[in-house]
Amino acid sequence: MKICNNSFIKKIHHITNYILKTRKKKVYCGKILAISLILAFFVGVGIFHTITAVKGNQRPNSQYKYYTSITIEYGDSLWSIAEQYCETQEEMSSYVQEIKKINGLSQETIHAGNSLVVYYYSNEYK
């Protein structure tokens with residue numbers, strides 16, 4: 001006595017394979033979705049970091065950098081000149097270092113009557 005015929009077994013096998021393939025596709029799609037979301041997150045963080053870094057380096061009211069030559073007065077120092085041209089106290093040290101570099105100074109010693117190239121920022125395009 002035959003309990004199952006061959007076509008019935010083939011149908012069950014076909015249905016089982018279809019269910020397994022469908023399940024595999026869902027798992028695969030889920031993995032792709034998860035990877036895409038993780039990638040999108042990191043791209044978003046990178047863009048946010050770049051934007052905030054750029055905004056942090058911008059001068060709020062100064063867009064153009066200019067250089068000018070000044071004559072050193074008696075009593076001037078690189079630090080007193082930096083006070084005139086720097087917008088914040090935090091920038092003074094880097095300003096003095098850059099002025100030394102621009103003018104080829106190895107020390108902070110300057111002398112009255114000599115010229116010095118300094119830079120400043122302005123909103124005005126000249």
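Predicted model: local features only at pLDDT ≥ 70, side-chain atom pairs only at ≥ 80, totals over all residues.
Val45 sits in helix α1, which spans residues 6-57.

**A nonpolar patch on the surface**
- Val45 belongs to a nonpolar surface patch, together with Ile38, Phe41 and Phe42.
- Taken together, the residues of this patch have about 430 Å² of accessible area.

- Let us move on to Ser122, which is part of strand β2, covering residues 115-122.
- Is Ser122 buried or exposed? Ser122 counts as buried because its relative accessible area is 14%, and the cut-off for buried is under 20%.
- The Ser122 side chain also comes to 3.0 Å from the backbone nitrogen of Glu124.

**How the chain is built**
- The chain holds three helices and two strands.
- Among contacts in the chain with a separation of 6 or more, 69% are between residues 24 or more positions apart.

- The chain has 126 residues, and 14% of them count as buried.
- Its accessible surface is about 10,400 Å².
- Carbon and sulfur atoms make up 60% of that accessible surface.

Technical notes
Residues numbered from 1 in each chain as written. Heavy atoms only, no water. Helix = DSSP H or I, 4+ residues; strand = E, 2+ residues; numbered from the N terminus. Buried < 20%, exposed > 50% of the residue type's maximum accessible area, 1.4 Å probe, protein only. Polar contact = N/O pair within 3.5 Å; in protein donor to acceptor, adjacent residues only side chain to side chain. Patch = residues over 30% accessible without salt bridge, like charges linked within 9 Å, V, L, I, M, F, W, Y side chains within 5 Å. Areas by Shrake-Rupley, 256 points an atom, 1.4 Å probe, with all protein chains shown as cover. Salt bridge = Lys/Arg side-chain N within 4 Å of Asp/Glu carboxyl O. Contact = heavy atoms within 4.5 Å.
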